[in-house]
Amino acid sequence: MTQKTRVGLVGYGKAGKAVANILGADPHFDLRWIVRRSAEPEPQTHPDTSIPVICAARQPFGELFDRHPVDALVDFSSPESLRAYGEEVRKRGITLVSAISAYAEDDLEYARNLGLDTRVMCSPNITLGINFLIVAAKLLRKAAPFADVEIVEQHFRDKPEISGTARKIAETLEVEAEQITSLRFGGIVGHHEVIFGFPHQTVRLIHDSIRREAFGTGAAFALEQLMNCGKGFYTFDDLLLRLMRTELSCG
Ligand SMILES: NC(=O)c1ccc[n+]([C@@H]2O[C@H](COP(=O)([O-])OP(=O)(O)OC[C@H]3O[C@@H](n4cnc5c(N)ncnc54)[C@H](OP(=O)(O)O)[C@@H]3O)[C@@H](O)[C@H]2O)c1
């Protein structure tokens, strides 16, 4: 049996809890600990497991890595964490999967620099389905630049802004933001649809988010792919395209 990848998780909020559910149940991974910012009065564990939830202020990352070594770190916390563990990750060659959506340019520069010494993947959108949809849409756009493209996004009633994912799809496909239609109703978690209008056919690529656990599936995919990569800085696209090249090459 192949050895499990030992993983540490930073962030135990809305996304981190769901990611812990997925990584904690995946036989490929040994989720050893979770770090959050605030301290709980009692020692805390993730529900139905013995995975400890540790306060960042109580145990610096260097000490944590010494006492409970990991092969990989997954970050669903906040942009500040990167500098707190960065040099320790670099020194130990720990693989890093960061899902932080709001890095400033100098944070990203720092993350790219970490990629000189270890494997790093940063992705502001870590769901496998959306990333796959974007790659597929990009390919179809290249194959049929004459087709009309429309993007439809649907979210819960109170979401005020246009979906960042829809804007990213528009940017990737080089279509105007006016081609995005936003619908707000009910409790929809997230629906994205790219419609290609050909003269004699219509192609629809659709992604529906169901639960936040989808972030965990994306993190697990990234961890597995990175284990086959050399040192470097990667995006989710890089990992997907690498897999497509190896799996679909008809050489
Ligand atoms: N890439 C993606 O697809 C994707 C998807 C979802 C979320 N995200 C990103 O993931 C992050 C968390 O999102 P969320 O919705 O789960 O937020 P949240 O509910 O506010 O949770 C944030 C978590 O991070 C912890 N935290 C914050 N700063 C920390 C620090 N310096 N050291 C240790 N722990 C720290 C918090 O600790 P406490 O619990 O003690 O407050 C909390 O557990 C955000 O950056 C978001 O952009 C990305």
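## Helix 5 and helix 8

Asn131, Phe132 and Val135 of helix 5 meet Phe236, Asp237, Leu240 and Leu241 of helix 8. Two residues are in contact if their C-beta atoms, placed from the backbone, lie within 7 Å. Helices (H or I, at least four residues) and strands (E, at least two) are DSSP runs, numbered from the N terminus. The residues of this contact divide into five nonpolar, one polar and one charged. Ala, Val, Leu, Ile, Met, Phe, Trp, Tyr, Cys and Pro count as nonpolar, Asp, Glu, Lys and Arg as charged, and the others, Gly among them, as polar.

The model is predicted: local features need pLDDT of at least 70, side-chain atom pairs count only at pLDDT 80 or more, and totals for chains, interfaces and linings use all residues. Residues are numbered from 1 along each chain as its sequence is written.

The axes of helix 5 (residues 128-143) and helix 8 (residues 236-248) come within 10 Å and cross at roughly 70°. That makes helix 5 roughly perpendicular to helix 8. Axes are lines fitted to C-alpha atoms, for helices over the stretch in contact, and angles run from 0 to 180 degrees between N-to-C directions. Angles under 35 degrees count as roughly parallel, over 145 as roughly antiparallel, 65 to 115 as roughly perpendicular and the rest as oblique.

## Helix 1 and helix 7

The axes of helix 1 and helix 7 come within 7 Å, crossing at roughly 55°. Helix 1 is therefore oblique to helix 7. On the helix 1 side, the contact is made by Ala15, Ala18, Val19, Asn21, Ile22 and Leu23. Helix 7 contributes Glu213, Phe215, Gly216, Thr217, Ala219 and Ala220. By class, the contact of helix 1 with helix 7 has eight nonpolar, three polar and one charged residues.

## Two domains

The domain assignment (automatic or from a database) gives domain 1 (5-126 + 213-248) and domain 2 (128-209). Their centres, taken over C-alpha atoms, are separated by 28 Å. Nine residues of domain 1 are in contact with nine residues of domain 2. Helix 7 (213-226) and helix 8 each give two or more residues to the side of domain 1 that touches domain 2.

## Around the ligand

Of the 27 residues around the ligand, Gly13, Ala15, Ser38, Ser77 and Ser101 come nearest. A residue counts as near if its C-beta atom, placed from the backbone, lies within 6 Å of the molecule. Helix 1 (14-25) and strand 2 (29-36) each give two or more residues to this shell. The largest share, three residues, comes from helix 1. The shell divides into 12 nonpolar, 11 polar and four charged residues.
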